[in-house]
Amino acid sequence: MGRDVGLALRDGVRLAGGPRLEPEDVACAFYGNLYFEEGTRSLDIPPWDETDVDEGLEVELLEAWWEQAARGDPEVLGPDAVGFRGPVGFGASRLLL
């Protein structure tokens, strides 16, 4: 968790004009053991992917985040950019890849 959250936090600080943070500048605390009894969490559930996105609000929210990310970071290609994997049809759904 610390690896993923720390990377996102460091990128956010950089994009907001803050100092460049190194991995050792960010620490992450874990309190999950306070909220779940031992043995009740399933560790074998695979991570979510594009097939878990439902039509409607979920797709709209992901597209809005994508558009804002492209506006705020020149390294993020926007939904209308050429030469990338973007919204595609999956049955009746449009999913982000």
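Of the 97 residues in this chain, 13% count as buried, where buried means under 20% relative accessible area, exposed means over 50%, and partly exposed covers what falls in between, using a 1.4 Å probe and protein chains only. Keep in mind that this is a predicted model: local features need pLDDT of at least 70, side-chain atom pairs count only at pLDDT 80 or more, and totals for chains, interfaces and linings use all residues. Residues are numbered from 1 along each chain as its sequence is written, and side-chain values use heavy atoms, with hydrogens and water left out.

Now for the overall layout. The chain has three helices and two strands, and from the N terminus on they run α-α-α-β-β. Helices here are DSSP runs of H or I with at least four residues, strands are runs of E with at least two, and both are numbered from the N terminus. If you take the contacts (heavy atoms within 4.5 Å) with a separation of 6 or more, 38% of them come from residues 24 or more positions apart.

Let's start walking at helix H1, which spans residues 2-15. Valine 5 sits in this helix and is partly exposed at 43% relative accessible area. From valine 5 to alanine 27 is 22 residues in sequence, but 9.4 Å in space, C-alpha to C-alpha.

The term asks for a side-chain nitrogen of Lys or Arg within 4 Å of a carboxyl oxygen of Asp or Glu. A search of the whole structure turns up one salt bridge. Aspartate 11 and arginine 14 are three residues apart in H1, so about one helical turn separates them. Aspartate 11 is partly exposed at 33%, and arginine 14 is partly exposed too, at 37%.

Next comes the loop between H1 and H2, where you'll find phenylalanine 30. Its relative accessibility is 59%, so phenylalanine 30 counts as exposed. Phenylalanine 30 and methionine 1 are 29 residues apart in sequence, with 8.6 Å between their C-alpha atoms.

What about surface patches? They are built from residues with over 30% relative accessible area and no salt bridge, joining like charges within 9 Å and nonpolar side chains (Val, Leu, Ile, Met, Phe, Trp, Tyr) within 5 Å. A nonpolar one is made by Tyr31, Leu34, Tyr35 and Phe36, which together have about 530 Å² of accessible area. Tyrosine 35 belongs to helix H2, residues 32-35, and is exposed at 64%.

There's also a negative patch, made up of Asp49, Asp52, Asp54, Glu55, Glu58 and Glu60. For charges, Lys and Arg count as positive and Asp and Glu as negative, while His and the chain ends are not counted; the place of a charge is NZ of Lys, CZ of Arg, CG of Asp or CD of Glu. Glutamate 60 lies in helix H3, residues 57-72, and is exposed, with 52% relative accessible area.

Conventions:
Areas by Shrake-Rupley, 256 points an atom, 1.4 Å probe, with all protein chains shown as cover.
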